[in-house]
Amino acid sequence: MKINYTTDGMVKKNYRCSLFGHHFVEIKKVNTHFSEYECSVCKMQATNDSKGKKITLTSQLKDINETLFYLNLKKQFLSKFYFKKDQ
């Protein structure tokens with residue numbers, strides 16, 4: 001019986017990302033400036049910083065993105081139904 005303590009899939013995926021870089025796919029559009037991304041190989045999550053570079057998504061940044069998302073939804077809702085311009 002052969003016991004393998006390392007999972008082959010995770011080791012190969014991490015080596016691939018460390019050699020060739022991550023392949024990020026956008027999973028959530030927070031607003032026009034910020035998005036959340038996920039690597040399709042190793043499932044690492046990232047987001048934009050204030051300069052537009054991708055940084056690792058922490059729990060604090062996830063909460064901030066969630067708040068920005070709901071504020072953007074509220075802004076869109078209010079502008080659509082309550083502040084219509086008369087034509």
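## Terms and basis of the model

Strands here are DSSP runs of E that hold at least two residues, while helices are runs of H or I with at least four residues, and both are numbered from the N terminus; two strands pair if DSSP finds at least two bridges between them. The model is predicted, so that local features need pLDDT of at least 70 and side-chain atom pairs count only at pLDDT 80 or more, whereas totals for chains, interfaces and linings use all residues. Residues are numbered from 1 along each chain as its sequence is written, and side-chain values use heavy atoms, with hydrogens and water left out.

## The sheet

An open sheet is formed by 4 strands in the order β1-β2-β3-β4, with antiparallel pairing. Its edge strands, each pairing on one side only, are β1 (24-29) and β4 (54-56). Between β1 and β2 (residues 35-39) the antiparallel pairing runs over 5 bridges, and Lys29 has Ser35 in β2 as its bridge partner.

## The helix on the sheet

Helix α2 (residues 59-81) packs on this sheet and touches β1, β2, β3 (45-48) and β4, where contact means heavy atoms within 4.5 Å. The direction of α2 makes about 55 degrees with that of β3, an angle taken on a scale from 0 to 180 degrees between N-to-C directions of axes, which are lines fitted to C-alpha atoms, for helices over the stretch in contact.

## Thr47 in strand β3

Thr47 lies in strand β3 and is buried, because its relative accessible area is 1%, and buried means under 20% (1.4 Å probe, protein chains only). Leaving aside neighbours within four places in sequence, Thr47 is in contact with residues including Ser35, Tyr37, Ile55 and Leu61. A polar atom of the Thr47 side chain lies 3.0 Å from the backbone oxygen of Ser35.

Methods. Buried means under 20% relative accessible area, exposed over 50%, partly exposed in between (1.4 Å probe, protein chains only). A polar contact is a pair of N or O atoms within 3.5 Å; within protein, one must be able to donate a hydrogen and the other to accept it, and residues adjacent in sequence count only if both atoms are side-chain atoms.
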